[in-house]
Amino acid sequence: MELQLTNRVRMTRLSGKTRAWFTKPANIILLVFVILLGVLTLYPLLTLLMETVIVHSGREASAVRSLGLAKGDTTWWHFQKLLFTLNDGGAGGIRLSNSWIQFYSPFLNTMAVSLASSFIAILFGGAVAFLITRTNMLFKKFVSAVFVFPYIMPSWTLALFWQTFLKNTNIGTGTSNGIFASMFGIYAPEWLVYGFFPISLVLGLHYAPFAYILIGGILRNMDANLEEAATILKTPRSRIIRKITLPIVMPAILSTFLLTFASSMSAYAVPVFLGSPVRYYMLSTKMKSLMDTYSGQAYIIAGIMIVFGVAILLLNQKLTNSRRSFVTVSGKSSQISQINLRKANKPIAIILVAILLIVAVLPLITFAMESVIIKAGDYSLKNMTMDFWIGQNLTYLDQGDSNGILLSAKIWKALGYSVLLAVVCSLIAGTSGMLVGYGIAKRRGSKLSSAVNSLSFFPYLMPSLAFGAIYLSMSSHVPWLRGFALLAIVGSVKYLPFASRSGVNAMLQLSGEIEEAAIITGVPWFKRMTRIIFPIQKATFLSGYLLPMVSCMRELSLFVLLVPTSNTILTTMLMQYSEKGWAQFGNAINLLIVTVVLLLNYTVNKLTGASIDKGVGG
Amino acid sequence: MKKFLSLIIAAVIMLAAMPALAAASDIVAASADLNHEELLEKALAENGTFIVYGNTSRITTALEDFCKLYGFTGEGNNLKDAEIYTKLENEVNGGGGADMVMIQDGAALVYAIEDGLLVNYIPAAIKDSVSQEDQNPLVQQFINKVFIYNNLGDNVPAIKNVWELTDPSFKGNIIFKNPEQEQVNMNFLIMLTSEEWSAKLTDAYKALKGEDIELGGYKNAGYKWIAEFLGNCTFGSSDTTIAEEISKETAGGKIGLFVLSKLRSSTVLTDNLTVAEYDANAESYTVEPFSGFIYPMYALVSSGASRPYTAMLFIEYLMTDAGFAPWGSSIGAYSSSSAIAPNEGDLGIDIWKASSVTEDPQFILDNYADVADFVIKYLQ
């Protein structure tokens, strides 16, 4: 009897606890997302792991036939071949062994490029963020507007620009001179045009807006009291930056590092265009060619990339989770002080504007030029035509389309599809990211919270190409997962990290006292979210919508296997044109993508006041 | 939590319930004797968009003409061969996707047919005009990649023997698409290691140098040529760009091995280019022992086809003059049908076949592992 009673008390207590647990919106959000993300990310991961031990049809099956293996069998052969074939009897020793050529050498190149590009992105993006938010530099508006251009352009188009601009008869294929050599007679050395340096630079510039957005957001929003207190205590400026500013932006720097490193690691198109001519290979290029022949080995490469991504993610979490978080938006705040650059203002501003003109504006001008000339390199008027934009019946060109891009039904259809896809992905990812951010911040320190935190970042660490390949094979088993639904889900999952990062950042900056005040007065959760939390951190949350949108608009490798047809979205169409060497249509489409993204950004900006260049800070 | 996860996964797997397998292969088998009218009638009775994948850009033009002719709604997709095979693998389970496929890389095709991704169909009307060996699987046309050089300056690389290309003076002057990025290029290299071609290369070596070839560590003359040839190559990203680049006025002394049909492009300065075999043919010599390589472009019905009759009708159409027209207007494409005349200004298919390396899919599959491992060492 007594026992029964205690049991009942225990049960009531337990169910009471459970009920209490479920009354907190943060818990429900986390629970829902842990399940959703578990299925959407762990299932692909398991599939990927399976692929590394299975014999695939085609050349792979032929190659292992002598070992008595057939299609569908399980084997360690892929690992053996890719990682442990360091002496295959050839004369070249280890450096000409299969594993060195196919894995270790491209692996080292990949690490070097990813580190260098992260460094460039953080340094350049961080410096610009600092100048814009914390100094009285001139031309701020121009700089912040133009700075994001390289991110809007599909990354390989910047690579193509670099190549067309600097190529010359001394290097690469050595067949023609680019704009720079023909105009100034200066022949750029090979290291500047092909290989490690330009690949790192192009990727670094492409991803610098990550740094700008993440670091800039924190710099702009940080509580002025911290610095003011130091100033009152007569702390020197340099010490303030070192002891206060830097530690505060550290989490953002680490986030940037993680994002840039993971992106650079799996970037495919840039190394193809800037690496192949000088035989500089990266893991992504090897993965792509292995995917067509020995796909088991390709999946191993994908797996190793994920391992590295996760390692950085864990490091990142260790460094940011150790109680070093800073509430920077409290109930009370004041304007942050701006550093007066004085005499240095003009030189700094002019140098920065010049750099941006070269890396962000010049490519666009070049694209525009190249889209109107018929035979490359000939800039005379008689070689120019608007046909690629507004021509009709261009069969004489034999370049895939018989109408200029503005009159082509194919292009408009693809544009519509791309925009719709970008908007849907941004709505799903952005909203999920905001909710995830809320849940993670509210239940910070709990197991569930850190599980969701990691899971929501995980998709970003999977190389796009492999992520796409896995979803493709998943979709063949799920009848409704086709076409638009498939692309939208993949895009949303892949870009969720952008949104969840801004969500978490926004929530962590927000002092708990603000929501608590509302809770005490009995304001329901939905109202708290829509009337208090969202409005305060509107700009940060909105950047969580904008980044996925922009990224989707210019994404290629993620979608390339999933699009129903190569004409479905603009980027796959563009890549096809770039690869075929149909430069004029390609350049015109590229300009179209940039223009549309800018228009989208402008519209969002006019409607809500947020924009990508204003970034997290608003 | 674990239980919850497994429930969800179970639900996903339930959704995976496989739809009924398309019986395209049965339909094709039963249609072997249908004539054009019967085929057309059945095709017109089919519903939905007719979807075609092809790794030739002009497939879309051919499809547009075809659809206009019969009033179909069609969608042509220009994809890379490897992308097509990947997509087919996933479509065959779930249905949907391509109805008809036009594709290169015969080695991969062996498996695609064996795995039941694609079904061969030989239109009754063309049985006599296409040679037996090109019927199974059906070759719609041949495409060739040949040595083409820039004819400007005083250092014109007018080669008459492929061993000239292995000379150190050619270092950096040969442009080729990386064989890792396009399998037909790899297939060509693999074929060179065959008994037939290594013997021919051995003879050609003697003809050029006047002495017997010394193999050193190489297994045969094919391997030696591959190693020395690739050592002199720089790699371009596409055949179109290679053609454009080599045709530039500044590209004197450069030679490439790329698709002949790229010379049709308005962005290529064709006057600056000379096709090695054209010269050879005009002056009655040959480039020893080959002037390039030639490979088939196949046309097949997809196993997942929802419009199998339209697919067959389209294949039949592609084998006619009208169907070949998009390729028939310029050099570098050769119908497998003897009823279609060679393109104006080009050499006939027989001349090209005699002077080019051809694909043997089974040999390529059997030797891929060895030769590809060898080739990548010289791509470093």
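Predicted model: local features only at pLDDT ≥ 70, side-chain atom pairs only at ≥ 80, totals over all residues.
User: At what angle do helix α8 and helix α11 of chain A pack?
Analyst: Helix α8 (residues 155-166) and helix α11 (residues 196-221) of chain A pack at about 135 degrees, and their axes are 10 Å apart. Axes are lines fitted to C-alpha atoms, for helices over the stretch in contact, and angles run from 0 to 180 degrees between N-to-C directions. Helices (H or I, at least four residues) and strands (E, at least two) are DSSP runs, numbered from the N terminus.

User: Which residues in α8(A) and α11(A) meet?
Analyst: On α8(A) they are Ser155(A), Leu158(A), Ala159(A) and Trp162(A), which meet Pro198(A), Val202(A), Leu203(A), Leu205(A) and His206(A) of α11(A). That contact has seven nonpolar, two polar and no charged residues. For the classes, Ala, Val, Leu, Ile, Met, Phe, Trp, Tyr, Cys and Pro count as nonpolar, Asp, Glu, Lys and Arg as charged, and the others, Gly among them, as polar. Two residues are in contact if their C-beta atoms, placed from the backbone, lie within 7 Å.

User: Another pair then. At what angle do helix α23 and helix α24 of chain A cross?
Analyst: The axes of helix α23 (residues 512-520) and helix α24 (residues 525-536) of chain A cross at roughly 160 degrees and come within 11 Å. That makes α23(A) roughly antiparallel to α24(A).

User: Is the crossing of α23(A) and α24(A) left-handed or right-handed?
Analyst: α23(A) passes α24(A) in a right-handed crossing. A crossing is left-handed if the near helix is turned anticlockwise from the far one by less than a right angle, and right-handed if clockwise.

User: Which residues meet there, in α23(A) and α24(A)?
Analyst: Ile514(A), Glu515(A) and Ala518(A) of α23(A) meet Arg528(A), Ile532(A), Ile533(A) and Ile536(A) of α24(A). Five residues of this contact are nonpolar, none is polar and two are charged.

User: Over to chain B. Where is Ala311(B)?
Analyst: Ala311(B) is in helix α12 of chain B.

User: Buried or exposed, that Ala311(B)?
Analyst: Ala311(B) is buried, because 29 other C-beta atoms lie within 10 Å. The cut-offs are 20 or more other C-beta atoms within 10 Å for buried, 12 or fewer for exposed, and in between for partly exposed, with C-beta atoms placed from the backbone. Apart from neighbours within four places in sequence, Ala311(B) is in contact with Asp99(B), Met100(B), Val301(B), Ser302(B) and Ala305(B).

User: At what angle do α3 and α12 of chain B cross?
Analyst: Helix α3 (residues 36-44) and helix α12 (residues 308-318) of chain B have axes that come within 8 Å and cross at roughly 140 degrees. α3(B) and α12(B) are therefore oblique to each other, and their crossing is left-handed. The contact is made by His36(B), Leu39(B), Leu40(B), Lys42(B) and Ala43(B) of α3(B), with Tyr309(B), Thr310(B), Met312(B), Leu313(B) and Glu316(B) of α12(B). Six of these residues are nonpolar, two polar and two charged.

User: How many residues does the contact take from chain B and from chain A?
Analyst: Chain B gives 59 residues and chain A gives 55 residues. Among the elements of chain B that each supply at least two residues are α1 (2-15), β2 (74-78) and α10 (239-246). The largest share of the chain B side, seven residues, comes from α15(B). By class, the chain B side has 23 nonpolar, 24 polar and twelve charged residues.

User: How many residues of α10(B) are buried?
Analyst: Eight of the eight are buried, so α10(B) is largely enclosed by the rest of the structure. The buried residues of α10(B) pack against elements including α26 (570-580) of chain A and β5 (139-150) of chain B.

User: Last one. Where is Arg444(A) found?
Analyst: Arg444(A) is in the loop between α19 (409-442) and α20 (447-461) of chain A. Arg444(A) counts as partly exposed because there are 16 C-beta neighbours inside 10 Å.

Conventions:
Residues numbered from 1 in each chain as written. Chains lettered and ligands numbered in written order. Parallel < 35°, antiparallel > 145°, perpendicular 65-115°, else oblique.
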